[in-house]
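Grab a pencil and work through these exercises with the model open beside you. Try each task before you read its solution.

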Amino acid sequence: MTTAVLSIGSNLGDRLAMLRSVADGLGGALRAASPVYETAPWGGVEQGPFLNAVLIADDPALDGHGWLRRAHDFERAAERVREQRWGPRTLDVDIVTCRTGGRELISQDAELTLPHPRAHERAFVLVPWLAVDPDAVLTVAGEPRRVDELLGALETAEREGVHRTGLVLR
């Protein structure tokens with residue numbers, strides 16, 4: 001069984017509908033969906049706030065590249081345009097990590113880097129992930145690290161910039 005942790009975000013259009021399209025599109029593969037959080041944009045590009053969530057899904061037929069294809073399919077369906085790095089988007093679906101047979105998949109190829117190389121720096125990923133998996137572990141620089149410890153290492157302003165909403169995905 002391959003399990004993927006997906007970070008999803010939107011700051012254009014009907015943001016909640018965009019996030020729900022991924023949860024709905026995963027169907028029976030969806031194992032857990034975090035609450036929805038609102039966050040300031042990350043990366044220095046001036047734009048509106050994001051809605052973010054984390055999904056955990058299982059699919060024995062997918063490997064890391066299969067999950068990447070699914071992520072791109074969701075983004076295409078949301079008519080995502082890639083004009084500016086870290087710019088506004090209808091939908092962003094990032095694969096944070098994949099596990100199969102209890103082992104974390106590692107990929108360093110040009111198309112897919114696993115685990116996600118910057119997830120440990122982003123409270124908008126770590127906070128929702130902990131909401132659905134309090135014991136989560138992420139490999140950083142070759143070392144498994146507890147996600148709660150990674151979150152604790154972030155600057156206070158980064159952590160406090162993630163605000164839980166009353167919105168739900170399902």
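## A covered helix

The buried residues of α3 are Ala 123, Phe 124, Val 125, Leu 126, Val 127, Pro 128, Trp 129 and Leu 130. Here, buried means under 20% relative accessible area, exposed means over 50%, and partly exposed is in between (1.4 Å probe, protein chains only).

Before you go on, a word about the ground rules. You're looking at a predicted model, where local features need pLDDT of at least 70 and side-chain atom pairs count only at pLDDT 80 or more, while totals for chains, interfaces and linings use all residues. Residues are numbered from 1 along each chain as its sequence is written, and side-chain values use heavy atoms, with hydrogens and water left out.

## Exercise 1: the helix in its surroundings

Task: Work out why helix α3 is largely enclosed by the rest of the structure.

Solution. Step one: find the helix, which covers residues 123-132. Helices (H or I, at least four residues) and strands (E, at least two) are DSSP runs, numbered from the N terminus. Step two: compare the buried residues with the total. 8 of the 10 residues are buried, so α3 is largely enclosed by the rest of the structure.

## Exercise 2: a strand with partners

Task: Find out how many residues of strand β1 are buried, and which strands pair with β1.

Solution. Step one: look at β1, residues 2-10, where 9 of 9 residues are buried. Step two: check both faces. Thr 2, Ala 4, Leu 6, Ile 8 and Ser 10 are buried on one side, and Thr 3, Val 5, Ser 7 and Gly 9 on the other.

Step three: look for partners. Two strands pair if DSSP finds at least two bridges between them. β1 pairs with β5 (residues 92-100) in the antiparallel sense, over 8 bridges. One spot to check is Thr 3, whose bridge partner in β5 is Arg 99. β1 also runs antiparallel to β4, and 8 bridges join the two. There, Ile 8 has Ala 53 of β4 as its bridge partner.

## Exercise 3: the nonpolar cores

Task: Name the residues that touch the most other members of the largest nonpolar core.

Solution. A nonpolar core is a set of buried Ala, Val, Leu, Ile, Met, Phe, Trp, Tyr and Cys residues joined through side-chain atoms within 4.5 Å. In soluble globular proteins, nonpolar side chains tend to be buried together.

The largest core has 29 residues, and Leu 26, Leu 55, Trp 67 and Leu 169 touch the most other members. Step three: see who contributes. β1, α1 (15-26), β4, α2 and β5 each supply at least two residues of this core, and α1 gives the most, with 6 residues.

Step four: zoom in on Leu 55. Contact means heavy atoms within 4.5 Å. Leaving aside neighbours within four places in sequence, Leu 55 has contacts including Ala 4, Val 22, Leu 30 and Leu 169. Apart from this core lies another, of 22 residues, among them Leu 130, Ala 136, Leu 154 and Val 162.

## Exercise 4: charged pairs

Task: Say how many salt bridges a search of the whole structure finds, then take a look at some of them.

Solution. A salt bridge is a side-chain nitrogen of Lys or Arg within 4 Å of a carboxyl oxygen of Asp or Glu. The search finds 5 of them.

Step two: take Asp 58 and Arg 31, which form a salt bridge with their closest N and O atoms 3.4 Å apart. Asp 58 lies in β4 and Arg 31 in β2 (residues 30-33), so the pair ties together parts that are 27 residues apart in sequence.

Step three: move to Asp 73 and Arg 76, with closest N and O atoms 2.5 Å apart. Both lie in helix α2, 3 residues apart, about one turn of the helix. Asp 73 is partly exposed at 40% relative accessible area, whereas Arg 76 is exposed at 56%.

Step four: finish with Asp 92 and Arg 89, whose salt bridge has its closest N and O atoms 3.2 Å apart. Asp 92 sits in β5, and Arg 89 in the loop between α2 and β5. Asp 92 is buried at 13% relative accessible area, and Arg 89 is buried at 9%.
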